[in-house]
Amino acid sequence: MPELPEVETTRRGLAPALEGAKIIRVIKRRDKIRILIPDDFEKRIEGRKVANIKRRAKYLQIYLDSDDVIICHLGMSGKFIVKKNDNEPFAKHDHIIFQTDSDDMVIYNDPRRFGLMTICHSSELEQHKLFRDMAAEPLGNEFNGEYLLEKLATRKTPIKTCLLDQKTVVGLGNIYVCEALNMTKISPTKMANEISAHEAEELVSAIRNILGRAIDAGGSSLKDFARTDGDLGYFQHQFAIYGREGEACRNDGCGGTVGRINQGGRSTFYCPECQK
DNA sequence: ATGATGTCCTGGGCGC
DNA sequence: TGCGCCCAGGACATCA
């Protein structure tokens, strides 16, 4: 379940194979992942050089020298594999393949097909419907206590649900929201509009801290991205609360037991003892 | 307008 | 062992 750190790690892993390379061939093995891949997708990419790769929220943006931008979301189970062309048959769920002039194969593999791949002109990117309503980047300067507090002030929904909303802040998924709430000892069921200015500041710090550490951890695994089949493991991070139902809460001196509730059809892991 | 719910999809884990 | 059931979840669509 790629959240911001995994997407950022993927961006850094793809850069050496793609930036500056010419994409000589695009193979589309199905017309649709989560949404339709445009009919002219291959035509707009083949023969173009990759200028650079950026990330916005959980999206990758691959800029081409034609000023077109490939937009990619990994969904739940999407990943990129980089390897030299070995003429092996494609694996199950290899949906889209980019072949470069250095004979690299950059393969998008996504078993659950919750991912997305499309293309648009760079001049239309900001107003693209995927991006236009997005909130600030959690690691950018715009995101601070004041910003978050203002976003939360009008929301009559649990803070857990609100932090998952990409209109509040982008890049967070179920795991990192649970972690941030546990770190700040805030109950996931507390209403967003009841979060104090102090709590908002604490949340911002926690979110920056946990995302930063996860990106660092991903960076240390980058060598694996280029090695062997280039498959990047997403689940190497150590989480304090996520998936630890029944275990002791790891917050200092807490002594509580990790519980699990359902919010909006998603599991929330939290400590009923210290998260108030 | 906002919040709540449904939807897409497959693999893995579990119970019987 | 094998079958069927349920769960995981990002973000959009749709409904109230």
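**Domains and DNA**

Author: The centres of domain 1 and domain 2 are 28 Å apart, taken over C-alpha atoms. This is a predicted model, where local features need pLDDT of at least 70 and side-chain atom pairs count only at pLDDT 80 or more, while totals for chains, interfaces and linings use all residues. Residues are numbered from 1 along each chain as its sequence is written, chains are lettered from A and ligands numbered from 1 in the order in which they are written, and side-chain values use heavy atoms, leaving out hydrogens and water.

Reader: OK, so into which domains is chain A divided?

Author: Chain A splits into domain 1 (4-124) and domain 2 (145-270). Those bounds come from an automatic or database domain assignment.

Reader: And which residues are closest to DNA strand C?

Author: His73, Phe114, Tyr242, Arg260 and Ser267 are the closest of the 16 residues that surround DNA strand C. To be near a strand, a residue needs a heavy atom within 4 Å of it. Of the atoms of DNA strand C that come within 4 Å of the protein, sugar and phosphate account for 58%.

Reader: What does Arg260 do with its side chain there?

Author: An N or O atom in the side chain of Arg260 is 2.3 Å from a phosphate oxygen of DNA strand C.

Reader: Which side chain has an N or O atom 2.9 Å from a base oxygen of DNA strand C?

Author: That's Arg266. Arg266 is also one of the residues surrounding DNA strand B.

Reader: What about phosphate oxygens of DNA strand B, say for Arg155?

Author: The Arg155 side chain has an N or O atom 2.6 Å from a phosphate oxygen of DNA strand B. Thr157 places a polar side-chain atom 3.1 Å from a phosphate oxygen of DNA strand B, and for Lys92 the distance from a side-chain N or O atom to a phosphate oxygen is 3.4 Å.

Reader: Switching topic: which residues of helix α3 are buried?

Author: In α3 (residues 145-153), Gly145, Tyr147, Leu148 and Leu152 are buried, meaning under 20% relative accessible area, with exposed being over 50% and partly exposed in between (1.4 Å probe, protein chains only). They sit on the same side of α3 because they cover an arc of only 160° around the axis, going by the directions from the helix axis to the C-beta atoms. Glu146 and Glu150 are exposed on the other side of α3. Helices are DSSP runs (H or I, at least four residues), as are strands (E, at least two), numbered from the N terminus.

Reader: What caps the N-terminal end of α3?

Author: Asn144 does, with a side-chain oxygen 3.2 Å from the backbone nitrogen of Glu146.

Reader: And which residues touch the most other members of the largest nonpolar core?

Author: Phe143, Leu148, Ile159, Leu163 and Leu172, out of 39 residues in that core. Such a core is a set of buried Ala, Val, Leu, Ile, Met, Phe, Trp, Tyr and Cys residues joined through side-chain atoms within 4.5 Å. α6 gives the most to this core, with eight residues.

Reader: Why does this core lie between domain 1 and domain 2?

Author: Because domain 1 and domain 2 both give residues to this core.

Notes: A polar contact is a pair of N or O atoms within 3.5 Å; within protein, one must be able to donate a hydrogen and the other to accept it, and residues adjacent in sequence count only if both atoms are side-chain atoms.
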